[in-house]
Each structure stands twice: as C-alpha cells, then as structure tokens.
Amino acid sequence: MDTAAPLRRDVRLLGTMLGQVLVMRQADFQKWATGSSTAAQGGGAAAGKALFTNNGCASCHTFAPAGATGKVGPDLDKLAAYAKQANKPLEAFVRESIQDPSAYIQPGYPNVMASFNSLPAQQIDQLVAFLTKGSS
Ligand code: HEC
C-alpha cells in the first residue's frame, strides 16, 4: 500500500495552483506595463506611456498621448517641429534629449531637465518609441 500517494497528489495540486497564480501575476504585470488591458498593442510605445508617467516626465511636459499637462518644459506634442528647428532627425533628437538634455536646449526654456541616461537601454527605446509615435 502506498501511503504517500495522497500526499503526492496534494503536492501536484499545489503546484498547479501556484502555476495559475504566476500566470495571473504576469497578466497583471502586462496590464500595468502597458497602461491598458489591451496588451495586444505590443511594441515599445505602449510601455513608453507607463515609463513617461513613472519617471515624472508628465510633471514638466505636456504630451497628449500621456494625458500630461506639465508646463516647465516644451510641449512634446510639437516634437516633430522642434526636431526640424534643431535640424535633427526626430528619433535621434528625442533620444539625445532624454540621454543628454543639455546637448540642445530648446530656445526659451531653462536647462533644468536631468539626464535619464541611467535608465536601461530598453526603457529609453520604449520612451523614444512612445514620443515619436505620438508626435508625427
Ligand atoms: C524638471 C522638469 C523636467 C522633467 C522631469 C523632464 N523634462 Fe524633458 N525637458 C525639460 C525642459 C525645461 C526642457 C527644455 C530644455 C532642454 O531642451 O533641455 C526639456 C526638454 C525635453 C525634450 C526635448 C524637447 C526640445 O524641444 O528640446 C524631450 C524630448 C524631453 N524633454 C523629454 C522628457 C522625458 C521623456 C522625460 C522623462 C523621462 C522628461 N523630459 C523629464 C524639463 C523636464
């Protein structure tokens, strides 16, 4: 007679339940990371929205796709025009502005933005994707 059989079944059941909890967690995380329940948008732009909010960009910048109305820095809905004014390709301009904001100071604005160069490269990519997609 195998007295350990019920125990083994319990352990298996526990394992299954744990797996379900982990799957749920991942779905929640995805929802959080993309800022919506439609994780199907995929791409960096959706994750960029959460990064924009979480890094405090919204407190200084107006940017409609993020629902941001900050007034310290330039209106990021006009990024395409600013890039043209700086004579730089939009994506390169935005990337530089995040990694090294002092490299180009938007006329009429103070040089008060801190560098976000310490963010992981992937997060910078996602921010750039979000900002360039929203300002075309
Ligand atoms: C303390 C306020 C502040 C915060 C926080 C801030 N910025 Fe800025 N930002 C500014 C100011 C002021 C400028 C204009 C001066 C300059 O060009 O560096 C600027 C410039 C920029 C520019 C270039 C716009 C242009 O026309 O030159 C981009 C892009 C930008 N910020 C994105 C971001 C992103 C993305 C974040 C968050 C990761 C962020 N900013 C956080 C104040 C801020």
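The shell around the ligand is made up of 19 nonpolar, eight polar and no charged residues; here Ala, Val, Leu, Ile, Met, Phe, Trp, Tyr, Cys and Pro count as nonpolar, Asp, Glu, Lys and Arg as charged, and the others, Gly among them, as polar. Please keep in mind that this is a predicted model, in which local features need pLDDT of at least 70 and side-chain atom pairs count only at pLDDT 80 or more, while totals for chains, interfaces and linings use all residues. Residues are numbered from 1 along each chain as its sequence is written.

**Around the ligand**
- The ligand is surrounded by 27 residues, and Cys 57, Cys 60, Gly 73, Tyr 82 and Gln 106 are the closest; a residue is near a molecule if its C-beta atom, placed from the backbone, lies within 6 Å of it.
- At least two residues of this shell come from each of helix H3 (57-60), helix H5 (90-99) and helix H6 (121-133).

**Overall layout**
- The chain has six helices and two strands, where helices (H or I, at least four residues) and strands (E, at least two) are DSSP runs numbered from the N terminus.
- Along the sequence they follow the pattern α-α-α-β-β-α-α-α.
- Of the 136 residues in the chain, 21% are buried; a residue is buried if 20 or more other C-beta atoms lie within 10 Å of its own, exposed if 12 or fewer, and partly exposed in between, with C-beta atoms placed from the backbone.
- Among contacts between residues at least 6 apart in sequence, 44% join residues at least 24 apart, two residues being in contact if their C-beta atoms, placed from the backbone, lie within 7 Å.

**The nonpolar core**
- The largest nonpolar core has 18 residues, and Phe 52, Leu 79, Val 94, Leu 127, Val 128 and Leu 131 touch the most other members; such a core is a set of buried Ala, Val, Leu, Ile, Met, Phe, Trp, Tyr and Cys residues joined through C-beta atoms within 7 Å.
- Helix H2 (43-54), H4, H5 and H6 each give this core at least two residues, and H6 gives the most, with five.
- Val 94 is in contact with Leu 79, Val 128, Leu 131 and Thr 132, leaving aside neighbours within four places in sequence.

- In H5, the buried residues are Phe 93, Val 94 and Ser 97.
- These residues line one face of H5, because they fall within an arc of 95° seen down its axis, the arc being that of the directions from the helix axis to the C-beta atoms.
- Helix H4 (79-85) and H6 are among the elements that cover the buried residues of H5.
- H6 has 13 residues and reaches 18 Å from its first C-alpha to its last, close to the expected 18 Å, which is 1.5 Å times one less than its number of residues.
- The buried residues in H6 are Ile 124, Gln 126, Leu 127, Val 128, Phe 130, Leu 131 and Thr 132.

**Loop residues worth a look**
- Asn 87, in the loop between H4 and H5, has a positive phi, near 60°, although this residue is not glycine.
- Most residues other than glycine have a negative phi.
- Asn 87 counts as exposed because it has 8 C-beta neighbours inside 10 Å.
- Asp 75 lies in the loop between strand S2 (68-69) and H4, and its 18 C-beta neighbours inside 10 Å make it partly exposed.
- The C-alpha atoms of Asp 75 and Ala 64 are separated by 9.1 Å, with the two residues eleven apart along the chain.
- Gly 108, in the loop between H5 and H6, is exposed, with 6 other C-beta atoms within 10 Å.
- Gly 108 and Gly 73 are 9.5 Å apart, C-alpha to C-alpha, and 35 residues apart in sequence.
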